[in-house]
Amino acid sequence: MQVPPIFMESPLDDQAQELRVYFKSLGAEISEEKSPKGIEDDLHKIIGVCEACFKEGNENEIETVLNDIVSIMILIPTERAENLILAFCEKLVKAPGYKLGLVCLKALWLLFQSLADDSPMRYHVYYHLVQIARNVDQVKAVYSGIDQLKQQFASFPPSNEQMQKLLRLLHEVLLSCKQGEQAAAVMVELLGTYTAENASAAREDAQRCILAALADPNTFLLDPLLALKPVRFLEGELIHDLLLVTFGRPQWMQLRDLLVSWKANLSAVQDGMKTVAAAQIELAAKNKATLAH
């Protein structure tokens with residue numbers, strides 16, 4: 001995704017004051033004066049009212065304002081900017097409408113790309129990016145596969161619990177966007193994060209996986225699913241039994257080919273049946289004549 005460059009032309013506190021004046025002009029409850037507590041408090045107040053600019057028809061101006069906020073935020077040390085980043089993400093996720101959603105997606109992507117590779121906040125920003133991408137049907141702009149996802153967090157991998165939360169969201173979003181194969185890969189990755197020791201905790205994830213497999217047999221390869229520890233933990237339950245008796249992809253493909261072939265040769269089959277029926281009638285007549293003699 002392409003994003004505009006960041007330009008720093010004036011001191012941070014002056015930029016913050018300009019933003020205060022701007023939001024005050026929109027009717028937001030904010031003072032035009034700089035905070036005596038410093039730039040972080042300025043930014044806290046600005047983010048608190050930034051939704052005041054969320055009005056359709058003024059997308060270019062909104063994008064500029066949001067990028068200005070990002071420009072200030074990334075210059076604050078990460079350990080002091082965590083709450084600011086989370087508050088900013090929460091505001092952008094709630095932006096109404098498709099056009100505003102796209103603007104917020106760009107601004108948040110700019111923030112994500114601007115954070116250091118080893119910043120723990122990259123995970124939180126990306127999680128909100130996926131949420132916005134779902135709202136505007138742009139998941140392909142932020143996700144292209146499991147390998148790409150892992151690469152983005154290679155310098156500072158999320159905790160196992162964080163990754164599970166992100167994978168659940170991605171699975172949900174990909175399904176809603178009709179990306180069945182990608183969703184299947186994400187679900188398998190999610191179930192693979194569990195071990196034999198905590199497989200019982202994956203009960204809901206495993207059930208969700210099986211239901212998705214039953215609903216879309218052309219996407220899931222069912223045999224590999226049976227080997228996953230969380231799925232094996234469900235052995236003996238009805239939902240697991242359904243997985244065992246359901247056709248796998250090869251069987252569905254074979255059945256489809258047979259039906260296509262049968263339909264294409266229906267007339268030939270009907271003619272053949274007529275021939276067999278005529279032959280049976282003729283044979284029955286000969287047998288009757290033989291018995292009469």
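## Overall picture

A residue is called buried when its relative accessible area is under 20%, exposed when over 50%, and partly exposed in between, using a 1.4 Å probe and protein chains only. By that rule, 38% of the 293 residues of the chain are buried. What you have here is a predicted model, in which local features need pLDDT of at least 70 and side-chain atom pairs count only at pLDDT 80 or more, while totals for chains, interfaces and linings use all residues. Residues are numbered from 1 along each chain as its sequence is written, and side-chain values use heavy atoms, with hydrogens and water left out.

The chain has 15 helices and zero strands; these elements are DSSP runs numbered from the N terminus, with helices being H or I over at least four residues and strands being E over at least two. Contacts are heavy atoms within 4.5 Å. Among contacts between residues at least 6 apart in sequence, 66% join residues at least 24 apart. The chain exposes about 16600 Å², with 54% of that supplied by carbon and sulfur atoms; the areas come from the Shrake-Rupley method with a 1.4 Å probe, and for residues only the protein chains shown count as cover.

## The nonpolar core

A nonpolar core here is a set of buried Ala, Val, Leu, Ile, Met, Phe, Trp, Tyr and Cys residues joined through side-chain atoms within 4.5 Å. The largest such core has 70 residues, and those touching the most other members are Phe23, Leu66, Ile69, Phe88, Tyr126 and Leu166. Helix H5 gives the most to this core, with 10 residues. The core also draws at least three residues from each of domain 1 (1-140) and domain 2 (143-250), with bounds taken from an automatic or database domain assignment. As background, nonpolar side chains tend to be buried together in soluble globular proteins.

Leaving out residues up to four places away in sequence, Ile69 touches Leu19, Phe23, Leu43, Ile46, Ile47, Cys50 and Phe88. Phe88 is 19 residues from Ile69 along the chain, and their C-alpha atoms are separated by 9.0 Å.

Helix H6 covers residues 121-135, and its 15 residues should span 21 Å at 1.5 Å a residue; the end C-alpha atoms are 22 Å apart, which agrees. The expected span is 1.5 Å times one less than the number of residues. H6 is mostly covered, since 12 of its 15 residues are buried; among them are Arg122, Tyr126, His128 and Gln131. The cover over the buried residues includes helices H4 (78-93), H5 (98-114), H7 (146-152) and H8 (160-176). Just after H6, Asp137 takes a positive phi of about 55 degrees.

Which residues does Tyr126 touch, not counting those up to four places away in sequence? They are Phe112, Val142, Tyr143, Leu149, Gln152, Phe153 and Leu166. Beyond its neighbours within four places in sequence, Gln152 is in contact with Trp109, Phe112, Arg122 and Tyr126.

## Salt bridges

The whole structure holds nine salt bridges, each defined as a side-chain nitrogen of Lys or Arg within 4 Å of a carboxyl oxygen of Asp or Glu. In one of them, the side chains of Asp13 and Lys34 meet at 3.3 Å, N to O. Asp13 lies in helix H1 (residues 12-25) and Lys34 in the loop between H1 and helix H2 (39-48), so this pair links distant parts of the chain, 21 residues apart. Asp13 is partly exposed at 34%, as is Lys34 at 33%. Asp13, Asp14 and Lys34 are linked in a network of salt bridges.

Two further bridges reach helix H4. Arg80 pairs with Glu40, their closest N and O atoms being 2.5 Å apart; Arg80 is in H4 and Glu40 in H2, so the bridge ties together parts 40 residues apart in sequence. Arg80 is partly exposed at 46%, and Glu40 is partly exposed at 26%. Glu51 bridges to Lys91 with a closest N and O separation of 2.9 Å, linking the loop between H2 and H3 to helix H4 across 40 residues. Glu51 is partly exposed at 37%, and Lys91 is partly exposed at 23%.
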